[in-house]
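Please consult the sequence and the structure shown below while reading.

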Amino acid sequence: MNVAALEAGECVLAEVPGGPARWALVPEVTDFGSVWEPGAMVTWSVLGAAPRRAPESSSVADSERELRLALATATRALASLDVARWREDAADRITAVRDGGLARDALPPGTAPRAARVLQTAARVLAIVELAAEDDGAAVTSFEATSRAQALREVAQVARRAVVAAVNAHAEPVRPPRSS
C-alpha cells in the first residue's frame, strides 16, 4: 500500500465506522486526448491499510514541553561542540525563519491557540534544522559533524511529533458573531 501511494504521490485513507478495517484508495491517472482536447481518467485501486497507530505524543501540552526540552538539549549540545558558523549567504533566510514559521492564513479558523503556537514553533524549528543541515557548520572532525547532525535530527524528530499532535488537536468551535 505504501509503495503504491508513494508512486501515485497521494492516497485517501478510509475507515469503516466501528470496525477495525482501514482502506487505502490510490489513484492512477491516465491522460488521453490531444493538446487541443486533453482529458484524464482516474482509476482508483482499493488496498488494505494497516491499523491506525496511536499518536506518538498524546497531547499538545506534552508536545510543547518536549519541544522546549529538545531545543534546550540541542542548544547545549551544539554550544558544547562549538560548531556554529555564520553564513552570509543565509542571512535573509535566517531572518525569515526568526520572523515566523507559518503564514497567518496557513491555519484554519478556530485552531486552538496552544496548537497554533506549537505549530508555529515546530515549523520554525524545522526550518532552522533544514538550514543548519545544509552543511557541517564549523565542525572540524567527523565526531563533531556526526554529533551536530545527531542533535539536529533529534530536535527535528521532536518537532515533527509536535506538528502531528497540534494538527490532531481538536479545534475550538467557531462561533457565529452575535447579532445586536
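Glu64 counts as buried, at 10% relative accessibility; buried means under 20% relative accessible area, exposed over 50%, and partly exposed in between, with a 1.4 Å probe and protein chains only. The model is a predicted one, in which local features need pLDDT of at least 70 and side-chain atom pairs count only at pLDDT 80 or more, while totals for chains, interfaces and linings use all residues. Residues are numbered from 1 along each chain as its sequence is written, and side-chain values use heavy atoms, with hydrogens and water left out.

Glu64 is placed in helix α2 (residues 60–81). Helices (H or I, at least four residues) and strands (E, at least two) are DSSP runs, numbered from the N terminus. Not counting residues up to four places away in sequence, Glu64 touches Arg114, Arg117 and Val118, a contact being heavy atoms within 4.5 Å.

Side chains of opposite charge can pair when their charged atoms come close. The structure holds three salt bridges, each defined as a side-chain nitrogen of Lys or Arg within 4 Å of a carboxyl oxygen of Asp or Glu.

| Salt bridge | N to O distance |
|---|---|
| Asp62 and Arg65 | 2.5 Å |
| Arg114 and Glu64 | 2.7 Å |
| Glu64 and Arg117 | 2.8 Å |

Salt bridges link Glu64, Arg114 and Arg117 in a network. Arg114 is partly exposed at 39% relative accessibility, and Arg117 is partly exposed with a relative accessible area of 43%.

Asp62 and Arg65 both belong to helix α2 and lie three residues apart, about one turn of the helix. Asp62 is partly exposed at 26%, and Arg65 is partly exposed at 46%.

The largest nonpolar core has 19 residues, of which Leu67, Val125, Val129 and Val155 touch the most other members. Helices α2, α4 (113–132) and α5 each supply at least two residues of this core. A nonpolar core is a set of buried Ala, Val, Leu, Ile, Met, Phe, Trp, Tyr and Cys residues joined through side-chain atoms within 4.5 Å. Leaving aside neighbours within four places in sequence, Leu67 is in contact with Val118, Thr121, Ala122, Val125, Val158, Ala159 and Ala162.

Helix α5 (residues 142–168) has 27 residues, which should span 39 Å at 1.5 Å a residue; its end C-alpha atoms are 39 Å apart, in agreement. The expected span is 1.5 Å times one less than the number of residues. Among the buried residues of α5 are Arg148, Leu152, Val155 and Val158.

## Strands and overall composition

The protein comprises five helices and three strands, which run α-β-β-β-α-α-α-α from the N terminus on. Strands β1 (residues 12–15) and β2 (residues 22–33) pair in the antiparallel sense over four bridges; two strands pair if DSSP finds at least two bridges between them. Glu15 has Arg22 in β2 as its bridge partner. Strand β3 (residues 38–48) pairs with β2, also in the antiparallel sense, over eleven bridges, and β2 and β3 form a hairpin with four residues between them.

Of the 180 residues of the protein, 23% count as buried.
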